[in-house]
Structures are given as structure tokens and as C-alpha cells.
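I opened my notebook today to look up a few things in this structure. Come along and check them with me.

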Amino acid sequence: MKISILFITIFSCGFLGNVVSNASPLPYEAIFNFGDSISDTGNAAHNHPPMPGNSPYGSTYFKHPSGRMSNGRLIIDFIAEAYGMPMLPAYLNLTKGQDIKKGVNFAYAGSTALDKDFLVQKRINIEEATFSLSVQFDWFKGLKSSLCTSKEECDNYFKNSLFLVGEIGGNDINAIIPYKNITELREMVPSIVETIANTTSKLIEEGAVELVVPGNFPIGCNSAVLAIVNSDKKEDYDQFGCLIAYNTFIEYYNEQLKKAIETLRKNNAHVKITYFDYYGATKRLFQAPQQYGFSSGKTETFRACCGKGEPYNLSFQILCGSPAAIVCSDPSKQINWDGPHFTEAAYRLIAKGLVEGPFANPSLKSPPFKIA
């Protein structure tokens with residue numbers, strides 16, 4: 001998810017040290033990911049040259065910018081790790097002859113579910129809608145001949161692969177929060193959900209058999225949304241400090257998405273579609289931050305680690321990575337990284353809840369490795 005964010009990133013590849021013998025094959029042969037900045041591992045960075053200076057992005061794990069909108073690894077990185085796979089290379093960073101048989105990441109930071117033309121007709125201008133979900137699907141289609149040749153080969157390959165369709169759609173919503181009320185946000189939901197469902201259906205037609213469709217996050221707890229709405233009405237917040245109306249809206253959005261997934265399941269009995277409950281996996285962190293090792297307090301829980309401004313260490317004039325921004329001393333104590341995005345510590349816990357815990361329905365295949 002992205003609400004006006006500065007891209008200060010360079011490409012980095014990482015590979016896992018997990019070794020699995022041939023006698024115990026990995027659950028998945030490959031992973032293919034579609035989405036936005038929640039899972040982009042370098043596509044947007046490919047088009048946005050790094051700014052001079054020491055960027056804090058990637059500083060915790062990679063020790064330098066890695067094309068990710070966080071201080072370290074993302075949910076998709078932890079999922080790959082759990083299944084013994086390498087970190088997914090970004091599509092736009094692929095080089096000639098590169099081995100991509102373990103999967104590719106098509107996610108693009110700032111991208112939308114809806115196409116740019118559709119949004120323009122609605123008088124919504126989102127620059128990165130140029131890299132919408134349909135564009136990412138076209139990237140996959142164009143790469144397919146490099147992954148397999150015959151229909152039989154492709155069917156065998158894709159039936160042993162995992163496809164993640166999102167999270168996507170967050171930017172379609174977040175970009176218009178400053179200008180639209182909740183009723184107007186709800187009017188966008190059917191189109192977003194239909195687009196995600198259609199792309200999922202197209203992947204099934206291409207041979208995908210196991211897919212993941214994540215819901216959206218509790219944006220009422222998101223530091224960027226809290227800062228934008230900036231309500232001074234106590235009744236607008238729940239007991240934890242999250243905006244009630246915006247979380248209720250996301251609950252509605254997720255319910256519509258789940259209905260669409262159920263229809264896809266009925267129409268494709270041979271396919272397994274898992275719903276990732278990003279909402280539940282994330283909201284628990286805000287409800288009991290101390291239990292998960294995070295700072296607590298009505299304001300402290302929501303403070304971004306990187307940025308500047310009060311009360312959330314956040315200002316859209318001073319973005320994370322700019323010279324005036326402040327970086328917290330211990331990112332592992334914060335849920336939020338830069339306003340729109342979370343820290344590696346938060347993403348790790350969310351990933352554990354999805355891969356090992358109760359926030360995937362139905363569960364994925366059992367992972368050979370625990371998320372450390």
C-alpha cells in the first residue's frame with residue numbers, strides 16, 4: 001500500500017541457505033507474486049533511481065536499500081523462506097539467461113487493482129496505475145514461454161506452483177481517502193473485487209491450481225490514514241486508537257472479496273484458493289502490542305519508525321529517507337515503518353500468522369521451515 005511515498009531504493013537479491021534433500025522435495029516448485037508495495041521486491045525501484053545519501057530502507061536485514069518499502073524483509077520474503085525458496089526476483093530486474101524456475105515477483109509499489117483508464121474516467125489520478133494488476137498479469141503471460149513450453153509441461157509446472165494475487169487494491173482506496181467519504185469508498189469496492197477475481201480466474205485458465213488471495217489491512221490503524229483523517233472526535237476511534245469507520249469499511253471490503261473467492265471455488269472445483277486474513281493477522285498487533293514486543297500507548301503504538309512530525313512521526317512533507325527524517329533507534333519495537341508500510345518485525349509476525357497460524361483459510365501446505 002502506498003500514499004505518496006518516496007522511492008529511495010536499489011535492487012538487491014537474496015538467497016536462502018535452506019537445503020532440502022531430493023528425498024524430501026519442497027512443497028512448491030515455484031512462487032509467483034502479484035501486488036503492490038506490500039510485496040514489491042524491486043520493480044518500482046527499477047524505475048526510480050536511488051537518491052544520494054544513506055537510505056534507511058532495507059537497513060535492518062539487507063544493510064542497504066533492497067527495492068522493498070520497509071527496513072527489511074516483507075511478508076512474501078518470509079513465505080518464500082518458510083517453503084525453502086529463494087527470495088523472488090523482481091520482474092523488471094531480470095537479466096538474460098537468469099534462472100527464474102523458482103518464481104518471479106510482478107508486484108509494483110503504488111500499483112492498483114483497477115486499470116489506469118478506468119481510474120482516469122473516475123477522475124482519479126494514480127501515476128503507478130500504469131502498472132496495475134492487468135499489466136502485471138501481462139508480464140506473467142509474456143514470461144510464460146521462458147518457464148515452460150508445451151501445455152503438458154506448463155500444467156505440471158504450474159500445478160506445483162503457488163500464485164499470490166495481492167494484496168492489491170489498497171492504493172485504489174488510499175489514494176482517494178483525502179477526497180472521498182466512506183460511502184464513496186464503498187462504491188469502488190465492486191470494481192476492485194471484480195478485477196481481482198477476474199485476474200485470479202485468468203491465472204486458473206493459465207494452469208494455476210493453488211492460489212492465495214489476501215484481503216486488505218485494517219487501514220483505520222494505519223499511521224498514514226490516521227494522519228490524513230486527523231479526526232479530533234474521540235468517538236471516531238476505538239479503544240485501541242484505530243479509526244472505527246475505516247476499519248468497518250475494510251471489513252465490508254474483505255467480505256465482498258471472500259464472496260468472490262467462494263464463487264471462484266464453486267466454478268473451479270479442482271483449484272485450491274486460500275484467503276489470507278491480513279486484517280486479523282495485523283489488527284491483533286495493534287490490540288496487544290506489548291504481547292508481540294512492540295511499544296504501546298494510544299499514540300506510541302502508531303508512531304512510524306521513519307519520518308518526522310507529530311503525533312505519529314509522520315509528515316507528507318518530510319518522507320522517510322529525506323535528510324530531515326528521523327529513524328527510530330530500534331525498528332523491531334515499532335509496528336509501522338514509514339506511514340503506509342510496516343516494519344520487518346511486523347511483517348514477520350503477520351507472515352507467521354498466515355503460514356503457521358490461523359489466518360489462512362484453508363491453510364497452505366505445511367512449510368518445511370519455521371519462520372525465525
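**Salt bridges.** I looked up E310 and found it in a salt bridge with R303, with the closest N and O atoms 3.0 Å apart. The model is predicted. How exposed is E310? Its relative accessibility is 63%, so E310 counts as exposed.

My next pair was K352 and E356, another salt bridge, where the closest N and O atoms are 3.0 Å apart. K352 counts as partly exposed because its relative accessibility is 23%. E356 also counts as partly exposed, at 29%.

Then I turned to E344, whose side chain meets that of R73 in a salt bridge of 3.1 Å, N to O. E344 sits in helix α11 (residues 344–355) and R73 in the loop between α1 and α2, so this pair ties together parts 271 residues apart in sequence. Buried or exposed, I wondered of E344 and R73? Both are buried. Through shared partners, salt bridges join R73, E81 and E344 into one network.

**Helix α9.** I checked the length of α9 (residues 244–267): at 1.5 Å a residue its 24 residues should span 34 Å, and the end C-alpha atoms are 35 Å apart, which agrees. Its buried residues include Y246, F249, Y253 and L257. Among the elements covering the buried residues of α9 are α7 (182–205) and β5 (272–276).

**Cavities.** I searched the whole structure and noted three cavities of 30 Å³ or more. Which helix gives the most to its lining? Helix α2 (residues 75–82) does, with three residues. I sorted that lining into six nonpolar residues, three polar and one charged.

Notes
Residues are numbered from 1 along each chain as its sequence is written. This is a predicted model: local features need pLDDT of at least 70, side-chain atom pairs count only at pLDDT 80 or more; totals for chains, interfaces and linings use all residues. Side-chain values use heavy atoms; hydrogens and water are left out. On a 1 Å grid over the protein atoms alone, a cavity is a set of points where a 1.4 Å probe fits but cannot get out, and a pocket is an open set with protein on both sides within 12 Å along at least five of seven lines; lining residues have an atom within 4 Å of a point. Grid points are joined across faces, edges and corners, and a volume is the space filled by probe spheres set on the points. Helices (H or I, at least four residues) and strands (E, at least two) are DSSP runs, numbered from the N terminus. Ala, Val, Leu, Ile, Met, Phe, Trp, Tyr, Cys and Pro count as nonpolar, Asp, Glu, Lys and Arg as charged, and the others, Gly among them, as polar. The expected span of a helix is 1.5 Å times one less than its number of residues. Buried means under 20% relative accessible area, exposed over 50%, partly exposed in between (1.4 Å probe, protein chains only). Contact means heavy atoms within 4.5 Å. A salt bridge is a side-chain nitrogen of Lys or Arg within 4 Å of a carboxyl oxygen of Asp or Glu.
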